[in-house]
Amino acid sequence: MKSHRSHLLERIIKAGLRVKLRQRVVCVGIDDRGRIIDITTNQSYMPRRGRHAEERMIFRNPRSLSTIILARISKLGKLMPIECCDTCAKLIKKRGIKIEVWE
Ligand SMILES: [Zn+2]
């Protein structure tokens, strides 16, 4: 996966810039063979709480998902610090998924 890192970063930034919200969060789902299976972003959902990219990733990929890459993008397309929230961290742990933060 390492050799694809810069290409993947480009895809993450592209996906992040499409989010029309104040926070732009992107998740990349990797399966147990190291293949990219999905890319999700956060999404507005209810006035008080949007859907997190991690939640959407997990709900969309029931089985083969083994690692999640989590990243936050500035409106200028730069990586920003991010931490998984408690709710998503619990979900991820329960499913035995690894999380990798790019920042
Ligand atoms: Zn979350």
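Predicted model: local features only at pLDDT ≥ 70, side-chain atom pairs only at ≥ 80, totals over all residues.

Trainee: Which residues of the largest nonpolar core touch the most other members?

Mentor: In soluble globular proteins, nonpolar side chains tend to be buried together. A nonpolar core is a set of buried Ala, Val, Leu, Ile, Met, Phe, Trp, Tyr and Cys residues joined through C-beta atoms within 7 Å. A residue is buried if 20 or more other C-beta atoms lie within 10 Å of its own, exposed if 12 or fewer, and partly exposed in between, with C-beta atoms placed from the backbone. Here the largest core has 19 residues, and those touching the most other members are Val26, Cys27, Val28, Ile68, Ile69, Leu70 and Ala71.

Trainee: Which elements give two or more residues to this core?

Mentor: Helices (H or I, at least four residues) and strands (E, at least two) are DSSP runs, numbered from the N terminus. Two or more core residues come from each of α1 (5-17), β1 (25-31), α2 (53-60), β3 (65-73) and α3 (86-94). The largest share, 6 residues, is that of β3.

Trainee: With which residues is Val26 in contact?

Mentor: Two residues are in contact if their C-beta atoms, placed from the backbone, lie within 7 Å. Apart from neighbours within four places in sequence, Val26 is in contact with Ile12, Ala15, Gly16, Ile39, Thr41, Ala53, Ala71 and Ile73.

Trainee: Why is α2 described as largely enclosed by the rest of the structure?

Mentor: Of its 8 residues, 6 are buried, so α2 is largely enclosed. Those buried are Ala53, Glu54, Glu55, Arg56, Met57 and Ile58, and they pack against β1, β2 (36-41), β3 and α3. Met57, in helix α2, counts as buried because it has 26 C-beta neighbours inside 10 Å. Leaving aside neighbours within four places in sequence, Met57 contacts Cys27, Gly29, Asp38, Thr40 and Ile68.

Trainee: At what angle do the axes of α2 and α3 cross?

Mentor: Two packed helices are described by the angle between their axes and the distance between the axes. Axes are lines fitted to C-alpha atoms, for helices over the stretch in contact, and angles run from 0 to 180 degrees between N-to-C directions. The axes of α2 and α3 come within 9 Å and cross at roughly 30 degrees. That makes α2 roughly parallel to α3 (angles under 35 degrees count as roughly parallel). The residues making the contact are Glu54, Glu55 and Ile58 of α2 with Cys88, Leu91 and Ile92 of α3.

Trainee: Is Thr87 buried or exposed?

Mentor: Thr87, which lies in helix α3, counts as exposed because it has 12 C-beta neighbours inside 10 Å. Thr87 and His52 are 35 residues apart in sequence, with 9.7 Å between their C-alpha atoms. Lys94, also placed in helix α3, has 9 such neighbours inside 10 Å and so counts as exposed.

Trainee: How many C-beta neighbours does Ile36 have inside 10 Å?

Mentor: Ile36, found in strand β2, has 14 and therefore counts as partly exposed. Not counting residues up to four places away in sequence, Ile36 touches Val28 and Ile30.

Conventions
Residues numbered from 1 in each chain as written. Parallel < 35°, antiparallel > 145°, perpendicular 65-115°, else oblique.
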